[in-house]
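We will go stop by stop, with a short note on what to look for at each one.

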Amino acid sequence: MFEHIKMQQLDDFFSALDERPAPGVFFYRINGYTDQIARFIQTYYEAARKAGVIIEGKIPNPDEKNLSYYNEIMGMDFQMDQGFVLQALKKWLPRMNDLQRRHVAASIYDSMNSLCKAGKNENMVKNAYIKFMCWLYYKFERVVHLLGNQQVPKILYEGTISSYELMMLQILSHAGCDVILLQYGGDQSYLRLDPESALSDRLELPDMKEFPQTFHLRWIREQIQKEADQERLYGRRPQVQNCTNAWISGGGLSDIRQDPAARGTDPKLFYNCFIKIDGVEDKLAYTNELYQFHLKLQEQKRRVVIVDGGIPGPSMEEIGVIRRKNYGKPEQMIMDLSSNISYTASLELQRMMVKAFVDVMLLEAGQADGSLNRLTSQAVYLLCWLKRYQPELFSGWKLPDISCFIYMGGCNQDQDCLFLKFLARLPVDVLVLHPDLDTPCSLRDDLLYEIHYTESLQAVRFPKSGADVQMGTAAWHAERELDTLMYQDSGLYRNQQYAKANAVTLQTMYEEIPILWKEELKYRPNFSTINEIVSLPVIFAKVSGVKDGVVSTYWSQVKDLMTEDTFVIRSAPFLSATQPNPVKAHAAVFLKNGRLQREKIKSHPDYPYGFIREEMQEHMLDKLQLLIDQKMIWGTFENGTEYTIVSTILNLPKELVRLMQRFDFTKMNPKLVYINTGEKAISLEDTILTAYLNLTGFDVLFLVPTGYQCIEKYFLHRLPEEHQAGEYLYDLQAPALSGKQQAKRPKWRDIIFKRGT
């Protein structure tokens, strides 16, 4: 019979019989958990599944049918004799060879003998013998003919073992099986059967702890099935694997410059980099260093793709090319979408692409928020970008070629990060340059090598040519650093320091209007700069009546409101639907499904604001979208008013556009004073104009000495705050005022007949 031997390491369980320290077997019980034990149990489970027996719970006792069949074949004779057992096994289990039968017979006899010594009578020993024979036939027949082989059969028992089950496993162990007992509840129950641990050994490893409640053989079986399902996703694997960053010196750019052919010699590997550089080492030399780096790559005839500030999203045409279906689980989606990957010029590279796609998507599926739609969308983005950049990165590819993908700026989009991880598992050097430490970068990956510098530099474009190279002097950089110290949380602001702003309408007393009117925005209540966005406290009010009925004082106070940034309208209406507007014919093209088509607007020949600074153009379009979204104007998304809004705002008077161009969000804001002394209500277009100017940051003040309801008609909500200043007066004539006076708009008859006004 086989003796129990001690293991030196867990892998000893999987060694061949003649490779063991002695011709023996292992019988261990496991009462605690580590990650190493979890991996061992999964491997042992696989070995027992292929050549052994797995017991989850209990070994079923022989039922009436089992006993009836045993009686029919073997009869009910019994002798307490090893020769009797040997002859019975020859008839009962004919697949066993003579050596196997001798080992099993000897082991059964030893067990019966121990029962006799324990005081069991002959009938009880006979019942135990029949139970052992039935268990051998019905539960362990698949292993008894493997006893004594070089690959030792395995038995894995999960649960609390009984005395007869322990005897059965002891019989098989001495006959040539390795046995593992998994005891999630500890060793107490077992030690009642074997107080001296004479029948098995307890596994002792450092840092063992209690088994997690989720750990059991069913979970292992599910994991194995999951791994098998995932393995099917890959199809035929590539023969060449990536060796990413393991060979680098840590120099960053110098590692990427190294000739791919000189990076390593293993023909089954390609040697690439995945590097992120935060900050800059030397502000003065940074731009030129990148320029020289690019020249070196060109000299090596390396294929290079450079992306500034994020990867442009896929177009509808690119998305339409990707074949996809409805999916029920991530693995199904990954397998189906991977069929979109094709590279006929190199089947090996195609297999690399499929493997990289499956790797990163499985990784993402394990970390995602559980939304299959989100995961599918990310996979489609990845495939679109692969098709887009595949010709530039892999045209004419052969080992050891390594192309280069350079990402300039902080990578803070999930899709961008995923694509970079994907490329890093292909024959591509991936370089992420993050010079501006004030911008976020969320790229993380086990393969990523990170280099960190403390200096920060605002650089948004990679210098691809000499024309792109702009290098600041030491004094210039010193001034930028001084700017940072002076204008960050200090209450001081650089000219045009901020590009984004939101207007906040102040609720004021009537007497506060002239006080706030000439104050810079930064001194007004509720002004703030948070996350690079300025809150603009503005006035949006209607003043009805004349204080004390004194006309001369009234107009004098109006003149005091005039500044060089004030636009004055002296009569209503100012704008009307009949006035010429070249944008009106294109409004339906500029607005689709409630969203401004910005690229179409900016590229259209009738777009009137292309000459002003870019950030102000964006601010103006942002507030136009906001005006539409908030439905401040009556009829928006009901009778086509949204198109009137677009055509009106994209055709502002030149004087207002110039005020926009000059507008600095931290200083004096532009103003609109709308004087209406008559009985005419302001037009829909005037309502649109004044609501829009309020959103952009203008102070807007309506002066209505009559107190008439002349401005309320087209405001759906958020009316200007109304102040009752005094006595209502009629038929007043506005005197000449300073400030930007309203331009005299030509009448339609004059335009048709080419007459001046």
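## Stop one: a covered strand

Select residues 671-675, strand S22: five of its five residues are buried, so the strand is mostly covered (buried means under 20% relative accessible area, exposed over 50% and partly exposed in between, with a 1.4 Å probe and protein chains only). Helices (H or I, at least four residues) and strands (E, at least two) are DSSP runs, numbered from the N terminus. Bear in mind that this is a predicted model, where local features need pLDDT of at least 70 and side-chain atom pairs count only at pLDDT 80 or more, while totals for chains, interfaces and linings use all residues. Residues are numbered from 1 along each chain as its sequence is written, and side-chain values use heavy atoms, leaving out hydrogens and water.

Now show the side chains of S22. Lys671, Val673 and Ile675 point one way, Leu672 and Tyr674 the other way, and all are buried.

## Stop two: the neighbours of S22

(Two strands pair if DSSP finds at least two bridges between them.) Which residue of S22 is the bridge partner of Phe567? It is Leu672.

## Stop three: two crossing helices

Bring in helix H22, residues 614-630; its axis and that of H25 come within 9 Å and cross at roughly 120°. Axes are lines fitted to C-alpha atoms, for helices over the stretch in contact, and angles run from 0 to 180 degrees between N-to-C directions. That angle makes H22 oblique to H25 (under 35 degrees counts as roughly parallel, over 145 as roughly antiparallel, 65 to 115 as roughly perpendicular and the rest as oblique). Residues in contact (heavy atoms within 4.5 Å) include Met620 and Leu627 of H22 and Ile688 and Tyr692 of H25.

## Stop four: a five-strand sheet

Finally, select the open sheet ordered S11-S12-S13-S10-S14, with parallel pairing. Strands S11 (304-308) and S14 (449-452) stand at the edges, each with a single partner strand, so one side of each has no neighbour in the sheet. From one strand to the next, the twist averages 15°.

Methods. Two strands pair if DSSP finds at least two bridges between them.
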